[in-house]
Amino acid sequence: MEKLLVKVQNLSAGFFSTIVLKEINLEIPAHKVVALIGPSGCGKSTFLRCLNRMHEEVPGAEVKGQILLEDQNIYDKFIDPVLVRRKVGMVFQKPNPFPGLSIFDNVAVGLKLMGVKKKVLYERVETSLKQAALWDEVKDILKRQGTSLSGGQQQRLCIARALAINPSVVLMDEPTSALDPISTSRIENLIRRLKEQVTVIIVTHNMQQASRISDKTAFLLSGELVEYEKTSKIFTNPSERKTEAYITGRFG
Amino acid sequence: MLIMLPVVARGTEEILKMVPNHIREAGLALGIPRWKVILYILIPGVASMLVTVLMLSIARIAGETAPLLFTSLGNQYHIRNLNEPIATLPVQIYEFSKSGFEQMENQAWAGAMVLVLFIFFINFFTRISLFFYKKDRVKKKFK
């Protein structure tokens, strides 16, 4: 049996009194790519943000249920969200390198603020940039501003930044929706390689993308988990009619 | 200095609010505590704007007269400790300019000149140093 990394049990979440997620139960194995698909507003992003406790940064956010990361409930009272976020990294929809910081500092800042020594820092930055397939393009211009890179490079910079602190899970919220096809395919290749080191959970609106890169796919619809299966099964022989309707584009 | 605080505080607050939320979130998602995100990530990004705010507020308080009448109370003589009324340039200019003696009025003009030059040089040197700082960065960029 494959090792389970994340267990989501009866997770409900919302803002003020609106309920966005209803009783989600999901298990995510280690070193796999899991895709979340579903129409806009179905709670994919909220689900993702619950996994590293970013959801509670929004005013009025509420969460019920528990999420076990390596058998530890991350919603326990004594758990510091800051430590959870070090284990569970995140890449956002829009590339968002820190303005005013150099390429090097963008990757290094997380480590620096965690108190990593300067000697080790350079190596760690190099490894993460290599992992993010960006090293060859930026190794001569590390002093340049992070924002001076192109969109695709910026997004890979953000991935490198997330990888630098050695998380065990990386969450990606539509990482390629703001990018051109070439950058997209680069990032897809990257994700496929990344699963040797980390577990990737990715939200995507692109069915082909989900089928290309993921091992398992979860289909969410208006806050409920409709189906969670091996990707090959979901896209060839889904057991729910709703899933079939959605992935074939006959939705509604 | 004290009079400057609210202006600087408000200005800084507004500037930090201008930083898009996703930058802040990116910092938080890296597992950095909120105060460190602000201090080490947001502030370096807006440093030059903050300097501008500082300059403007220095210029503003340097010309402030009316509040000083009530706070430092004005004193034409030497002071022996800081609890006594203290002489301030704007109040001095005000007092001298309405005195009626030509000599004192001339001194008031001179005082005004000193104030203007003071602000001018502060701004001048900050701009110059900012310029070289940026130039330095540009050089590094293409090294």
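Leaving aside neighbours within four places in sequence, with which residues is A:Val82 in contact? The contacts, defined as heavy atoms within 4.5 Å, are with B:Gly31, B:Ile32 and B:Pro33. The structure is a predicted model, in which local features need pLDDT of at least 70 and side-chain atom pairs count only at pLDDT 80 or more, while totals for chains, interfaces and linings use all residues. Residues are numbered from 1 along each chain as its sequence is written, chains are lettered from A and ligands numbered from 1 in the order in which they are written, and side-chain values use heavy atoms, with hydrogens and water left out.

The interface of chain A and chain B brings 28 residues of chain A into contact with 22 residues of chain B. About 2100 Å² is buried between the two chains, 66% of it on carbon and sulfur atoms; buried area is the accessible area (1.4 Å probe) that two parts lose on being put together, summed over both. Of the area that chain A buries against chain B, 26% is supplied by A:Phe98, A:Leu113 and A:Arg144, more than by any other three residues.

Two salt bridges are found across the interface of chain A and chain B, a salt bridge being a side-chain nitrogen of Lys or Arg within 4 Å of a carboxyl oxygen of Asp or Glu. A:Arg49 forms a salt bridge with B:Glu25, and the closest N and O atoms of this pair are 2.8 Å apart.

On the side of chain A that touches chain B, two or more residues each come from helix H2 (81-87), strand E6 (88-91), helix H3 (103-114) and helix H6 (151-164). Helices (H or I, at least four residues) and strands (E, at least two) are DSSP runs, numbered from the N terminus. By class, this side has 13 nonpolar, six polar and nine charged residues; Ala, Val, Leu, Ile, Met, Phe, Trp, Tyr, Cys and Pro count as nonpolar, Asp, Glu, Lys and Arg as charged, and the others, Gly among them, as polar.

A:Val82 lies in helix H2 of chain A and counts as buried because its relative accessibility is 13%; buried means under 20% relative accessible area, exposed over 50%, and partly exposed in between (1.4 Å probe, protein chains only). The C-alpha atoms of A:Val82 and A:Arg53, 29 residues apart along the chain, are separated by 8.6 Å. A:Arg85 is also found in helix H2 and, at 2% relative accessibility, is buried. The side chain of A:Arg85 reaches the backbone oxygen of A:Asn52 at 3.3 Å. Not counting residues up to four places away in sequence, A:Arg85 touches residues of both chains, including A:Arg53, A:Glu56, B:Leu28 and B:Gly31.

Six aromatic pairs are counted over all chains. Rings of Phe, Tyr and Trp (its six-membered ring) pair if their centres lie within 6.5 Å; planes under 30 degrees apart count as stacked, over 60 as edge-to-face and the rest as tilted. Ring pairs link B:Phe120, B:Phe121, B:Phe124 and B:Phe125 into a cluster. B:Phe121 and B:Phe125 are stacked, at 6.1 Å centre to centre and 25° between the planes.

Note on methods
A polar contact is a pair of N or O atoms within 3.5 Å; within protein, one must be able to donate a hydrogen and the other to accept it, and residues adjacent in sequence count only if both atoms are side-chain atoms.
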